[in-house]
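Please open the model in your viewer and keep the selection tool at hand; the stops below are meant to be followed in order.

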Amino acid sequence: MDARSALKNDNLKMKKMKKILLVFLVALSLNGFAQQKDLVWHTDVNKAINISTQSGKPLFLFFTGSDWCGWCKKLVAEVFEKPEFKKWASKNIVLVELDFPKRTPISEQLQKQNRELQQMFGVRGYPTGWFVTPKKVNDKVEFNKLGSQGYVRGGANAWINGASQIINK
């Protein structure tokens, strides 16, 4: 074999290795993407309370106007949809969305539940988030208020830092 055909053979081997590496990297990234589950935002606070008491994680009550509140949409886009928030939230809190939409219909039962919680926590503006630990006492639920946090400038990491300070007091 002369030098020219040896060089051509080496080039073919290199191209084949690059293709194998590319296929491997694509498969690896797809696997990582598939493993990143979407978070569950509960709307039934009683179900969320049960999960919280079983897991020992506090509730995060997110009071929002999902179809009209600009700051709520900004918080969702800049924080709640980010991978770092999803990872942190799945380890640390039980998520509850308490929505007050203007155009999107929700059941009367859900409206009633959300209004009662809005009054209980004195929510006057959106977005508002409360971190609480629920405690069942004689068929009633008492909420230990850990702290409140709404929109925080600086993205997901800034929001997570503030939330971590609240829940780790």
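**Stop one: the strands**

Select β4 and β5, which form a hairpin with two residues between them, and look in the turn for N138, whose phi is positive at about 50 degrees. Strands here are DSSP runs of E of at least two residues, and helices are runs of H or I of at least four, numbered from the N terminus. This is a predicted model, in which local features need pLDDT of at least 70 and side-chain atom pairs count only at pLDDT 80 or more, whereas totals for chains, interfaces and linings use all residues. Residues are numbered from 1 along each chain as its sequence is written, and side-chain values use heavy atoms, with hydrogens and water left out.

Two strands pair if DSSP finds at least two bridges between them.

**Stop two: two helices**

Next select α3 (residues 70–80) and α6 (residues 155–167), whose axes come within 7 Å and cross at roughly 95 degrees. The axes are lines fitted to C-alpha atoms over the stretch in contact, with angles running from 0 to 180 degrees between N-to-C directions. α3 is therefore roughly perpendicular to α6, a term for angles of 65 to 115 degrees. Show L75, E78, V79 and F80 of α3 with G155, A156 and W159 of α6, which make the contact (heavy atoms within 4.5 Å).

How values were computed. Parallel < 35°, antiparallel > 145°, perpendicular 65-115°, else oblique.
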